[in-house]
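Here are my notes for your first look at this one. Have the viewer open while you read, and take the points in order.

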Amino acid sequence: MLHESHLAYFRKLLGDAFVLTGANDLEAYGRDWTRIHTPKPAAVVLPASTADVAALVKYCAAHQLAIVPSGGRTGLAAGAVAANGEIVLSLNRLNQIEDVDAVGMTMRVQAGVTTQQAQEAAKEVGLFFPLDLAAKGSCHIGGNIATNAGGVKFIRFGGMREQVLGLEVVLPSGEILDLNTGLRKNNTGYDLRQLFIGSEGTLGIVTKATIRLTPPPRNMQVSVMAVRKFADIPAILGVCNRAGVQLTAFEFFTREAHEIVLQHAMGARSPFAEISPYYVLLEVEEGPSGQQVMEPLLEQIFTEDLITDAVIAQSSAQAKELWGLRENITESIAKHGHVRKNDISLAINQLTDFIADLEPIVQSAPKDMQLVIFGHLGDGNLHINYVGPKSQDFAAFQARAREVELQVFALLGRYKGSISAEHGIGLLKTKDLHFSRSDAEIALMRQIKSLLDPKGLLNPGKIFPG
Ligand code: FAD
Ligand code: MLT
Ligand code: ZN
């Protein structure tokens, strides 16, 4: 329970301006993008340094105060939600890029640097930071690490885990750990850094990271293809793989997703005269010495009768426009209606059978509920969104969507798929962890949690079923 004396300590440490207790701030910092739970934090604290974070965590541990680490609050699993009187510890002020090493191709950043800031700083020295997602302007590197974010370039560069060389973490005791500093090779016992990546703020607070940069990809070409049946999409991926081209993205969306974007995203236009059941967005790197790869690739895909139409971006503006058809889906769906989101993954060779088995569930869903599907198909990652009219009561919609979702998860369990490919478990999916993890795995994860956080004060209620 938060007392005036606790607030006095926070104010003395950080200054009055960086301890927030006003209703608007509590609401804004108490929620993430999901907006399903009612935010109810006791206070928001905004430290400016690792030392501040350590002091706050130590104080909270001594006074039994629960903390919710908070990044850009773009999370889609309610991981940064504070709904039970916790202290929100925001990393907003740790927003400095400390060092860019263009030779070693690394960058040391504070946790509150946004993904876009990191991308831009890499570009300034002629390099590339490959994590990319539509929330890049708001989400933090610390949040990307805590969620092990995937994004639209996963197929080429992997997710956030692959980009982290070094990590500074404040443990639930307040102790500061400097893990791996940024070494590329280091086989000295357990790689503790990996434990914190994807731990959703339950094991420690990330305060700094050394991230990996890459040489810039050669001129990337973008195309959108119209596809008549789902089974043709993995077949298209097969053609790309056999052609030996360097894919940088292989994304897909359905007619429903496309129509919602055309309705809600400003300036969105369909590149085709006719609407198609499925679309694939393909991005490839040009071959060595400027050799064109997209056109011959599309010719091959046409020859195999896997697409009905295709368009290749002729300029960077057109490439951006085509990417908009995919990247604007999330925001457009949010404007369109109430939404419940799934973020599942399967082995790529099982996608077609899964989609066929999903069809009866789609057909038996309530008539006013649309199942809108899109995602990172090249990674086996599908986003299924249950979308209903905003005129419905929100809680009633969620309950009805949950019934359909449970059928989808049961089906997914038969395929040994994952209920979360990239967004995490947070507060939203704790009851569903068992669909993807065995009792033994969950027990081991709980042991790790209680070893590091014996009082259960760091991001309580997240990941584990209560
Ligand atoms: P938050 O939402 O603030 O927090 C997420 C979790 O991390 C919480 O559990 C929080 O407690 C913890 N956390 C935050 N900062 C720290 C820290 N410094 N130390 C310890 N724990 C911390 N995700 C993808 O993976 N791929 C996508 O393609 C993708 N696209 C998106 C598109 C849109 C339009 C939106 C709104 C979201 C998208 N997301 C995507 C989800 C989201 O952007 C990612 O999960 C992102 O990594 C969250 O970062 P954040 O800083 O906003 O974290
Ligand atoms: C995406 O791929 O666009 C994101 O993961 C966001 C979402 O699932 O809506
Ligand atoms: Zn995604």
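1. Start with ligand 2. The residues around it are L76, R326, T330, K341, F374, H376, H383, E422 and H423, where being near a molecule takes a heavy atom within 4 Å of it. Sorted by class, that shell holds two nonpolar, four polar and three charged residues. The classes work like this: Ala, Val, Leu, Ile, Met, Phe, Trp, Tyr, Cys and Pro are nonpolar, Asp, Glu, Lys and Arg are charged, and the others, Gly among them, are polar.

2. Before going further, a word on what you are looking at. This is a predicted model, in which local features need pLDDT of at least 70 and side-chain atom pairs count only at pLDDT 80 or more, while totals for chains, interfaces and linings use all residues. Residues are numbered from 1 along each chain as its sequence is written, chains are lettered from A and ligands numbered from 1 in the order in which they are written, and side-chain values use heavy atoms, with hydrogens and water left out.

3. Which side chains put a polar atom by an oxygen atom of ligand 2? Among them is H423, with a polar side-chain atom 2.7 Å from such an oxygen. For H376 the distance is 2.9 Å, and for H383 it is 3.0 Å. As for cover, ligand 2 has 260 Å² of accessible area on its own, and the protein covers 87% of that. Those areas come from the Shrake-Rupley method with a 1.4 Å probe; for residues, only the protein chains shown count as cover.

4. Now look at the zinc ion, ligand 3. Its protein donors are H376 (NE2), H383 (NE2) and E422 (OE), at 1.9 to 2.1 Å. Donors here are N, O and S atoms within 2.8 Å of the metal (3.2 Å for Na, K and Ca), and water is not among the atoms, so sites may look incomplete. Along the sequence the donor spacing reads H-x6-H-x38-E. H376 sits in strand 15 (residues 370-376) and E422 in the loop between helix 14 (394-414) and helix 15 (433-436), so this pair ties together parts 46 residues apart in sequence. Helices (H or I, at least four residues) and strands (E, at least two) are DSSP runs, numbered from the N terminus.

5. The cut-offs are under 20% for buried and over 50% for exposed, with partly exposed in between (1.4 Å probe, protein chains only).

6. Next, ligand 1. It is surrounded by 36 residues, the closest being P69, G71, G72, T74 and G75. By class they split into 14 nonpolar, 19 polar and three charged. Helix 5 gives the largest share of this shell, five residues. A polar side-chain atom of N459 lies 3.1 Å from an oxygen atom of ligand 1, and polar backbone atoms of G79 and E200 are each 3.1 Å from an oxygen atom of this ligand. On its own ligand 1 exposes 970 Å², of which the protein buries 97%. Strand 3 (67-70), helix 5 (141-147) and strand 9 (205-212) are the elements that give two or more residues to the shell.

7. How many salt bridges are there? The structure holds 19, each being a side-chain nitrogen of Lys or Arg within 4 Å of a carboxyl oxygen of Asp or Glu. One of them joins R228 and D305 (3.2 Å, N to O). It links distant parts of the chain, 77 residues apart: R228 is in the loop between strand 10 (220-227) and helix 8 (232-243), and D305 in the loop between helix 10 (294-303) and strand 13 (309-312). R228 is partly exposed at 38%, as is D305 at 44%.

8. Compare that with R402 and D432, whose side chains meet in a salt bridge at 2.8 Å (N to O). R402 lies in helix 14 and D432 in the loop between helix 14 and helix 15, so the pair ties together parts 30 residues apart in sequence. Both residues, R402 and D432, are buried.

9. Two more places to check. E441 and R437 form a salt bridge (2.8 Å, N to O); E441 is partly exposed at 32%, and R437 is partly exposed at 36%. Elsewhere, salt bridges with shared partners join D132, K136, K153 and E283 into one network.

Definitions and conventions: A polar contact is a pair of N or O atoms within 3.5 Å; within protein, one must be able to donate a hydrogen and the other to accept it, and residues adjacent in sequence count only if both atoms are side-chain atoms.
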